[in-house]
Amino acid sequence: MTTVALLDYGVGNLFSVANALKVAGADVCITNKPADIQAADKILLPGVGAMRDAMAHMQQHGIDVAVKDAITNKPVMAICVGMQAMFDVSEEGDVPCLGIIKGTVRRFDDTWQENGSPIKIPHVGWNRVDADTDHVLWQGCNHEHFYFTHSYYCQPDSEDGLIVAHTTYGQPFCASVILDNLFITQFHPEKSHRAGLRLLSNFIQWQP
């Protein structure tokens, strides 16, 4: 059975992610220890909370370094705040992040409109996610609806070399990125029912 190290770095939602991973077929180890990260087959960074706190906890426990090392030799997935941590900097507190993907985490613009009215922030609810790819990670769940809850979104400097999925809330924005061994989603697969479980199962089986 595939072992997934579920990283505890001071953000919420650990146990719902752990339960979803188990249903999808993984053996889950909740940890903040670099040794466990090195030993696991795959890594997952969940994410609910503030970026400044998340990065502080990562740095305190050496998770930032361990994740960068892991990406070079094993599959890594990151959700919501975990996705945002992969970019250069976040406007949420002007926080430097891991810098694995070039780009910025930006706050939704409250002048954007949805159905003729200004969008509500945070964005909470179900959105269709479209990936222009036949990548194994999206098999059986592309063009499905996933659950979002966030006030900030990721804006890559360039989409060259990335496999990007988009959704729309006022304007189109990046909902997911695949880069080599890294798979990141702004939405929450663990809250997205059948499509989310299929996505997690695809990740568990993924061999980049």
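A: Strand E11 (residues 130–131) and strand E14 (residues 163–169) run antiparallel and are joined by two bridges; strands are DSSP runs of E with at least two residues, helices are runs of H or I with at least four, and both are numbered from the N terminus. Two strands count as paired if DSSP finds at least two bridges between them. The model is predicted, so local features need pLDDT of at least 70 and side-chain atom pairs pLDDT 80 or more, while totals for chains, interfaces and linings use all residues. Residues are numbered from 1 along each chain as its sequence is written, and side-chain values use heavy atoms, without hydrogens and water.

Within this pairing, Asp130 stands opposite His166 in E14. Asp130 also forms a salt bridge with Arg128, with the closest N and O atoms 2.7 Å apart; the term denotes a side-chain nitrogen of Lys or Arg within 4 Å of a carboxyl oxygen of Asp or Glu. Asp130 is partly exposed at 28% relative accessible area, and Arg128 is partly exposed at 42%; buried means under 20%, exposed over 50%, and partly exposed in between (1.4 Å probe, protein chains only).

E14 and E15 form a hairpin with one residue between them, and Gly170 in the turn has a positive phi of about 80°.

The loop between E11 and strand E12 (145–150) contains Glu144. Glu144 meets Arg194 in a salt bridge (3.0 Å, N to O). Arg194 lies in helix H6 (residues 193–205), so the pair ties together parts that are 50 residues apart in sequence.
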